[in-house]
Amino acid sequence: LTLTVASKLDDVEISVELAEGELDRVGSGLPERLAKGQAVTAEFRSAGAISGALRVAGAPPVPFGVQVRPAAARRAPVPLGALGAEPTNFVAAEGRSRSVVAHADGLELGSGMDAKGDGIVIEARIGPGHRALMHVAVRRAKRKELARLAQEQSLIAAMESKKYSSLIAQIARARMRKVETALIDQAGRLLKTIQLPDNQFLSHKELGKLMKWKRVTCPSGGSADDVVPCSAASDCPCNAGEAQPGEVCDVTPSMVARALEGVAPGDQPADRWLFKALVRAAMLAPEGCVWKSGGKFLLTNEERNQSPTAIVSVLERESPNSDAGRGVRALVDFTEQEYRFRVTAIQLNFHPNNKSSHKQHRDIYGAGQKGGINCTCSFMKCTGTVCFSLGSSRQILTETIVDGRSKYEPCGEDCEGCKTYRWMHSGSAMYFNAPWNGNHTHGVPPLEEACGPRISVALLCA
């Protein structure tokens with residue numbers, strides 16, 4: 001075996017550990033370290049097979065073999081000339097003549113295809129025959145390679161934790177970042193052995209009991225906005241109403257009826273028709289597809305994909321012409337025509353009672369913004385959100401925020417921000433744009449008084 005190692009990095013530690021074979025007496029072997037731009041060669045020999053591992057810096061060892069019989073043939077008494085028993089050459093794993101191994105410590109995985117940190121990549125290839133040539137190149141890892149490696153590390157951590165929600169989310173993210181299929185398959189097999197805890201999803205029985213239209217409530221007097229200004233200073237910028245020109249945040253009644261005109265039947269209100277259709281679709285989806293996320297529940301497919309295609313596919317499992325599928329398609333079409341947007345994601349939020357909530361948050365409008373550690377969404381630059389409300393009336397809390405992204409300036413250390421409670425009744429829609437989203441958070445606080453079920457259909461738009 002003639003092994004050549006070239007480095008594009010400075011001061012790289014290298015070594016070879018042999019299980020079979022020895023260093024050729026003529027050669028001097030490999031140095032302990034390689035300088036940037038340096039390439040070295042070492043010769044190894046054996047009367048039979050040569051096998052061992054190459055170690056580069058702190059990366060996992062890279063196994064290699066020359067004229068090594070496959071493991072299956074070594075375990076069983078298979079004749080040497082039998083099919084699958086012939087000696088072969090490999091690098092990294094049996095059956096491979098090329099491999100790319102990445103390594104990094106302390107990576108921080110971001111959204112999109114980003115990961116913070118540095119790493120190395122080992123590119124190795126080996127030729128055929130008894131006198132094999134093996135070439136190894138060591139270089140700095142590229143951005144996508146770091147993201148894939150960071151995701152691999154997150155997936156392994158989720159497998160070790162054996163927590164259903166974390167594991168299913170990391171499997172989805174691993175597919176997006178093109179982690180090794182073998183590792184994803186291994187994680188998938190592990191997932192099948194883990195049962196989702198009962199309190200982490202709404203069962204079909206609970207959906208049938210809690211998400212009934214006859215339980216829908218609309219409190220009397222729930223119409224006017226309730227504004228709670230910052231009390232730290234009367235002239236606090238948070239009380240001005242907006243931080244920059246062009247902010248838009250509106251709640252408009254009867255938008256569902258407009259969107260479903262010609263789609264919903266005329267013998268019942270459009271909001272009630274779509275509410276019932278979505279509940280029926282949720283009950284036809286596999287158990288666990290209405291899963292807990294924070295204080296509310298989300299309806300998705302088993303992979304928790306919230307792209308428009310994936311969501312509509314869940315709704316149309318009953319039939320391509322299902323009411324739920326036609327209804328949500330109509331909301332998407334209406335939104336794209338009304339606001340001149342393109343819908344990039346659909347979130348179906350289920351609120352069974354007054355205890356449900358949606359914590360204060362900004363919507364994620366770009367790949368540079370980060371969702372939760374188990375977020376599976378693939379974000380692109382967005383310009384607005386349209387959210388349709390179905391069922392019980394709930395108050396939406398919007399709140400000014402003071403941070404590095406916001407245009408608001410605090411009035412002092414005691415600045416409280418300005419809070420506004422807006423009622424959303426069944427059939428209404430809330431629309432806000434990117435400037436408003438950058439300066440405010442929104443959410444659905446829990447209620448002390450009893451409240452019936454609600455579904456919101458949130459459309460993220462580009």
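A polar contact is a pair of N or O atoms within 3.5 Å; within protein, one must be able to donate a hydrogen and the other to accept it, and residues adjacent in sequence count only if both atoms are side-chain atoms. Here is one to look for: the side chains of S51 and E20 are joined by a polar contact of 2.9 Å.

Before we go on, note that this is a predicted model, in which local features need pLDDT of at least 70, side-chain atom pairs count only at pLDDT 80 or more, and totals for chains, interfaces and linings use all residues. Residues are numbered from 1 along each chain as its sequence is written, and side-chain values use heavy atoms, with hydrogens and water left out.

Let's stay with S51, which is found in strand β6. Strands (E, at least two residues) and helices (H or I, at least four) are DSSP runs, numbered from the N terminus. S51 counts as buried because its relative accessibility is 10%; buried means under 20% relative accessible area, exposed over 50%, and partly exposed in between, with a 1.4 Å probe and protein chains only. Contact means heavy atoms within 4.5 Å. Leaving aside neighbours within four places in sequence, S51 is in contact with E17, L18, A19, E20, F64, G65 and V68.

Now follow the chain from β6 to β7. Two strands pair if DSSP finds at least two bridges between them. Strand β6 (residues 50–56) and β7 run antiparallel and are joined by five bridges, and I50 has V66 in β7 as its bridge partner. The hairpin of these strands has five residues between them, and A57 takes a positive phi near 50° there. What joins β7 to β8 (residues 88–91)? Three bridges do, and these strands also run antiparallel; V68 has T88 in β8 as its bridge partner. Strand β7 (residues 62–68) is largely enclosed by the rest of the structure, because six of its seven residues are buried.

Next, find the open sheet of six strands, which has mixed pairing and the order β3-β5-β1-β13-β12-β9. β3 (22–23) and β9 stand at the edges, each with a single partner strand, so one side of each is left without a neighbour in the sheet. Six bridges link β9 to strand β12 (residues 120–126), and the two run antiparallel. A102 has V121 in β12 as its bridge partner.

Let's turn to the nonpolar cores. A nonpolar core is a set of buried Ala, Val, Leu, Ile, Met, Phe, Trp, Tyr and Cys residues joined through side-chain atoms within 4.5 Å. The largest has 45 residues, of which L299, F350 and F388 touch the most other members. Helix α7 (residues 270–284) gives the largest share of this core, nine residues. Beyond its neighbours within four places in sequence, F350 has contacts that include L207, L278, F297 and L299. A second, separate core of 27 residues includes L9, V40, A59 and F64.

Our last stop is N437, in helix α10 (residues 434–439). Is N437 buried or exposed? At 0% relative accessibility, N437 counts as buried. Not counting residues up to four places away in sequence, N437 touches R362, D363, Y365, R405, F432 and H442.
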